[in-house]
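Here are my comments on the model you asked me to look through.

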Amino acid sequence: MKYAYYPGCSLKGTAIDYHTSALALAGRLGIELVEMEDWVCCGASPIHQRNPMMAAGVANLLLSLSGEICPRIAVLCAACYHNMKKAEVEMRHDKKKRNDVERISGIPFNPEVRTTHFLEILEKDLGLDALKGKVVRPLSELKVACYYGCLLSRPPEIAFDDPEQPTIMERVLQTAGAETVTWSHRMECCGASHAVPVTGAVLRLVNDILLSARDAGAEIIACACPLCQANLDMRQAGVFKEFGMAHNIPVVYFTQLLGLACGASGRDVQIDKGMVSAEPLLQFKNLL
Amino acid sequence: MSKIGVFICHCGENIGRTVDCARVAKAAGRIRGVAFATDYKYMCSDPGQSLIKKAIADHGLTGIVVSACSPHMHEKTFRKAVQEAGINPFLCEMANIREHCSWVHERNEATTRKAIELVRIMVEKVKRNVPLVPVRVKMTKRALVIGGGVAGIQAALDIADGGHEVILVEKEPSVGGHMAQLSETFPTLDCSQCILTPKMVDVGSHPNIKLYTYSEVEKVDGFVGNFKVTIKKKARSVDIDKCTGCGECQLKCPSKKIPSEFDRGLKNRTAIYIPFPQAVPARPVIDREHCIYFLKGKCKVCQKVCPAGAVDYEQTDEFVQEEVGAIVVATGYELYSVGKQGPYPERLGYGEYGYGTDPDIIDGLQFERLASASGPTGGAILRPSDGKPPQSVVFLKCIGSRHPSKNIFFCSKICCMYTAKHTMLYKHKVHDGTAYVFYMDIRSAGKNYDEFVRRAIEEDGAVYLRGRVSRIYRAGEKLIVKGADTLSGAAVEIEADLVVLATAIMPQPGIETLFQKLGISYDGYKFASEAHPKLRPVECATAGIFLAGCCQGPKDIPEAVAQASGAASKALIMFSKDEMLRDPVVARVNENTCIACWYCVEVCPYKAISKKEIRDRKGNLIKRVAEVNPSLCTGCGTCAATCFSNSVDLDGYTDEQLYSEINSLMAVGQDLFPEVEAEAEGKAAG
C-alpha cells in the first residue's frame with residue numbers, strides 16, 4: 001500500500017512525535033508513506049475564514065502534488081485533512097467552484113485524488129484484522145479516552161465516521177487491545193488557537209475535558225490533532241494555576257500507542273515528547 | 001365528407017385576454033371539413049353547451065372540437081353534452097388553448113396563430129375519429145385493507161358495515177398498530193387503548209371481515225374491480241383455531257430476554273408471545289429468530305405445557321389467493337430511527353443526542369409506553385436507567401423533521417401536540433418535576449389544539465424554550481443538555497434526568513416494495529401519493545386503490561380515521577354498481593399484419609396481451625397473433641410503440657390520427673392563415 005503523504009507544518013515542528021510515530025507505525029504495518037515534494041502550509045486554521053477561495057486554491061495545489069506518487073493522499077493532522085478534503089469534495093460536486101479554483105490556482109483538478117485520514121486507512125484499507133495480526137504488545141488494561149475534538153469528524157460532508165458520534169479511534173485502539181472509556185467531552189472544543197489571545201477561556205475548556213476524561217476512569221488521552229494535543233497537554237500547568245487541579249494525565253497521539261503495540265520502542269515513537277510524561281504509566285503497564 | 005363543428009371558448013378573460021378568439025373562430029371556419037365555427041364567453045356553461053347541441057342539430061355535425069381548457073378539466077362535460085345531442089362522445093375532442101397557449105404567452109399575433117394551429121391539429125384528428133363504446137367490467141364487491149392500525153380498522157369496519165366482505169391484512173401478530181401503544185391522546189387526554197380496543201374486538205368478530213394477522217401482501221394482479229391478491233400467511237407456529245389463548249406457553253418459555261417491540265425495548269418478552277394483553281387475535285406466535293428450538297433444535301417447552309396441543313413447529317408459510325374489487329392502503333408509519341442510519345442512509349441520525357448510547361435518552365413512543373398503564377412501569381414515569389422518578393425532563397422537538405441539513409424538509413405535524421401532551425402526563429404524575437421543551441415553532445392547528453398547548457404551558461407549567469439543542473452528555477446521575485434559547489439570546493444548560501426526543505413520522509421502512517406491487521406512486525420520503533392533493537385526497541392515481549392514514553403523510557388520529565372513512569366510502573360507491581365502465585381507449589392488433597414476434601407481450605406492464613392461434617374450420621393452425629384483453633388494457637400505448645410490424649394501434653390514438661395531426665403542422669405551402677394573408681395583401685394593394 002502506497003500513499004502520497006502530506007505531513008503539514010505542525011508535524012514537522014511542534015508535533016514531530018506524531019510524524020515520527022506515524023512513520024514508525026506505517027513501516028511496521030507495510031504501509032508506504034511517500035512524502036510529497038515541495039509542499040506548503042494548508043493555511044489552517046484562519047485561511048478558510050479569511051478567504052475561502054484561497055483556501056481551496058491552496059488545497060488544490062496540495063492535491064496536485066500527489067500526482068506522481070499516488071492519487072491516494074494520507075493526512076494525519078485534523079485541520080489539514082479538513083481543508084484538503086473539503087476542497088476535494090466541493091470541487092468534485094460543484095462544477096462552478098471547480099472552474100473558479102482551477103482558474104485561480106492555475107492547476108487542473110484531478111478527480112482521481114482521494115484525501116484519506118490515517119485512521120480511515122487503518123480501518124478501511126488495511127483492515128482491523130490485518131492490524132490485529134501485527135500487534136505484538138497488546139495495550140491491555142490501558143484505559144484510553146479517545147479525543148476527537150471538533151474538527152476530525154465534522155462537517156458531515158467530509159466525515160469518515162458518524163459525524164456526531166464517531167467511534168473509529170475506539171475501534172482501532174480496541175483492536176490493539178486497549179480498553180477505551182465512554183466519556184462525554186470527546187467532541188468538545190479544546191479552544192484551538194485561542195490559547196494565545198484568550199488563554200483563560202482555553203484553560204476552562206481544557207479543564208472540563210480533562211475532568212470528564214478522568215471521571216470516566218481514563219489513564220491516558222489519545223488524540224489525532226496537533227493543536228488538541230498541544231492544548232490538552234501543555235495547558236495542564238496553567239489549569240493547575242488557575243483552578244488548582246493537577247490532572248497529570250498524559251495526552252498522546254493514537255499513532256504512538258499503536259506504534260508501541262506493534263513493537264516499536266518508546267524512542268521510535270518519541271514518547272518522551274509530552275509535557276506530562278507518559279513514560280511512568282506505560283512502563284507500569286509494561287509497554288515500554 | 002366530415003362536418004366538423006369548432007367551438008372556441010373565451011374562458012371569461014382567461015383565454016379572451018391573450019387570444020383573439022373571434023379570429024380563431026373565423027380561421028377555423030375556413031379549415032377544410034369544418035362546417036361550423038363560433039366563439040363564446042363560457043363554453044362550459046349551460047348556454048354554451050346548448051350552443052353546441054343546437055349546432056349539431058342545425059348543421060348535422062359529425063365531429064366536435066371544443067377549443068378551451070385542458071381535457072383534464074372539461075372533456076367529460078363536453079363529451080356528455082355531445083352524447084345528449086345524439087353523437088358518440090368519442091367524436092368530441094378538446095384543443096387546449098388555455099394551459100398550452102393563453103396562460104403561457106403574451107397577447108400578440110403569434111399567440112393567436114398558435115391557437116389557430118392547435119385547433120387545426122385537433123380538427124385533423126377528429127376527422128379520423130371513430131365511434132367507441134366503453135368497455136364493461138364486472139365489479140367484485142369485496143375489499144382488501146392492508147394494515148390493521150386505527151386507519152385500517154376504521155376502513156375495514158366501515159366497508160363491512162356497508163354490507164361487503166373485507167379482507168384485512170396485518171403484518172404484526174395483532175391488529176391495533178401504533179395507537180395501541182399510546183398512553184393517552186390529545187387534546188382530551190382520554191385513554192388510547194380504551195377507545196381503540198372495542199374497535200379491535202369488532203374487527204376480530206365482524207361476520208364480514210376476514211382477518212389475516214402475521215400476514216403480508218405478496219402479489220397483486222388485475223385491475224380495478226378485479227384484483228387478484230396473493231397473501232402470505234407467515235408461519236405462526238401456533239394453530240390459531242386450537243389455541244385458547246391461555247398464555248401458559250409464554251409463562252414457561254425459557255427464552256425471556258428479547259426486547260419487546262410493543263414496549264419499544266423497555267421491557268423484555270419471551271420467544272413465544274402475545275404482543276400485548278388486549279391483542280386481537282389473542283393468540284401467541286413463535287418468534288423463530290429467537291426461539292431456542294428453532295436455533296438449537298431442542299427445548300419444545302411450549303409444546304409440552306400447551307393444554308390444547310396447539311403448538312406446531314412444522315407450520316410453514318402459506319399462500320392464499322383472494323379476489324377483491326378495491327384496495328385500501330393503510331400501512332401507517334414508523335418513527336424516525338434516531339442515532340441509527342436506518343433504512344435511509346441519505347438522512348443521517350442524531351449522534352450528538354446520544355440516543356441508543358444512554359438508556360435515559362428515549363424517543364416519543366418509548367415515553368408513551370412509560371406513561372401507559374399497560375406499560376413496563378405500570379404507568380409510573382420512571383427513568384429506564386435506575387427506576388427513579390425523573391425530577392426534570394427535557395423534550396426536544398423536530399427530531400427527524402424540518403431539518404434541511406439532514407435532507408428532511410417536511411413537518412411531522414403531530415410532534416408539537418404529543419410533546420405538549422407528554423409534558424402534561426409527566427406533570428400529572430410527578431408534581432414537583434419540571435418539564436422543559438426545546439421547540440422551533442408550536443404548530444397546534446386543529447380543533448381545541450392550541451387551547452391544549454396553552455394549558456400545558458400555563459396550567460401545568462411546562463417551560464418552553466425556543467431553540468435547538470447542540471449536545472447532550474452524561475455527567476454522573478444527570479444528563480447535561482446544552483442548547484440555545486433564541487428568544488433571550490442566551491446559551492442554556494439544563495441538568496436533566498430524562499431526555500425525550502420527539503421523533504418524526506416516517507413511512508414504514510421498505511414500504512416502497514408494496515407500493516410497487518400495487519403500482520401506486522410515492523414521493524421522495526416514500527409517502528404514498530394521492531391522485532390530487534386537494535380534490536382527490538384519498539384516491540391513488542391507480543383506479544380502485546385508496547389511501548388511509550399515515551402511509552400518505554403525517555397525520556393524527558382524528559385525521560387518519562376521517563381519511564379511512566373517506567376511503568371506505570369511495571370503495572362503497574364503487575360497490576354500489578354491478579359493473580363499471582372503462583375508457584375504450586385500448587390497444588387493438590391487426591391480425592393480418594401481426595408477425596407474432598411477441599415483443600408486445602413482453603413489454604405490456606399490465607399483462608393484457610396474450611398469444612392467440614387462428615385455425616381454419618378443420619382445426620389446422622393458420623397463424624399465431626397477439627391478442628389484447630380490453631378489460632386489462634389501460635391504453636398506455638407501450639405495445640403500439642414497440643410493435644415491429646406496425647400492427648398495434650390504440651383506439652382513439654391511431655397512427656393515422658397522430659400522423660395527420662403532425663402533417664397538418666408541417667403543411668408547407670398550404671394557405672395556413674388565409675384571412676391574415678388576405679388582409680396583408682389588401683394593405684399592400686392599398
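1. B:Arg383 is buried, because 20 other C-beta atoms lie within 10 Å of its own; a residue counts as buried at 20 or more such atoms, exposed at 12 or fewer, and partly exposed in between, with C-beta atoms placed from the backbone. This residue sits in the loop of chain B between helix H11 (364-371) and strand S21 (392-399), where helices (H or I, at least four residues) and strands (E, at least two) are DSSP runs numbered from the N terminus. Leaving out residues up to four places away in sequence, B:Arg383 touches B:Asp360, B:Lys388, B:Pro390, B:Asp497 and B:Leu498, a contact being a pair of C-beta atoms, placed from the backbone, within 7 Å. The C-alpha atoms of B:Arg383 and B:Ile362 are 9.8 Å apart, although 21 residues separate the two along the chain.

2. A word on the basis of these comments. This is a predicted model, in which local features need pLDDT of at least 70 and side-chain atom pairs count only at pLDDT 80 or more, whereas totals for chains, interfaces and linings use all residues. Residues are numbered from 1 along each chain as its sequence is written, while chains are lettered from A and ligands numbered from 1 in the order in which they are written.

3. In chain B, an open sheet of 5 strands runs in the order S20-S27-S21-S22-S23 with parallel pairing, two strands being paired if DSSP finds at least two bridges between them. Its edge strands, each pairing on one side only, are S20 (361-363) and S23 (463-466) of chain B, and the twist from one strand to the next averages 25°. Within this sheet, S21(B) is joined to the parallel strand S22 (residues 434-439) of chain B by 5 bridges, and B:Val393 stands opposite B:Ala435 in S22(B).

4. Helix H12 (residues 415-429) of chain B lies across S21, S22 and S27 (498-503) of chain B, and runs at about 170° to S21(B); axes here are lines fitted to C-alpha atoms, for helices over the stretch in contact, and angles run from 0 to 180 degrees between N-to-C directions. The 15 residues of H12(B) reach 21 Å from the first C-alpha to the last, close to the 21 Å expected at 1.5 Å a residue, where the expected span is 1.5 Å times one less than the number of residues. Since 13 of its 15 residues are buried, H12(B) is largely enclosed by the rest of the structure.

5. Some backbone geometry deserves a look. Most residues other than glycine have a negative phi, and most peptide bonds are trans. B:Ala596, however, has a positive phi of about 55°, and phi of B:Trp598 is near 65°. B:Ala596 is found in the loop between strand S31 (587-589) and helix H16 (599-603) of chain B, and B:Trp598 lies in the loop between S31 and H16 of chain B. B:Ala596 counts as partly exposed because it has 15 C-beta neighbours inside 10 Å, and B:Trp598 counts as partly exposed with 13.

6. There are also cis peptide bonds to inspect. One joins A:Arg154 and A:Pro155, with omega about -5°, and A:Pro155 is placed in the loop between strand S5 (143-147) and helix H7 (168-175) of chain A. Another runs from B:Val280 to B:Pro281, with omega near 0°, and B:Pro281 is in the loop between strands S15 (272-273) and S16 (285-286) of chain B.

7. Chain A is divided into domain 1 (2-118) and domain 2 (136-284), with bounds that come from an automatic or database domain assignment. The C-alpha centres of these two domains of chain A lie 24 Å apart, and 23 residues of domain 1 are in contact with 26 residues of domain 2. On the domain 1 side of this contact, H1(A) gives the most, with 10 residues.

8. Between the chains, 7 residues of chain B are in contact with 6 residues of chain A. The chain B side has 4 nonpolar, 1 polar and 2 charged residues, where Ala, Val, Leu, Ile, Met, Phe, Trp, Tyr, Cys and Pro count as nonpolar, Asp, Glu, Lys and Arg as charged, and the others, Gly among them, as polar.

Notes:
Two residues are in contact if their C-beta atoms, placed from the backbone, lie within 7 Å.
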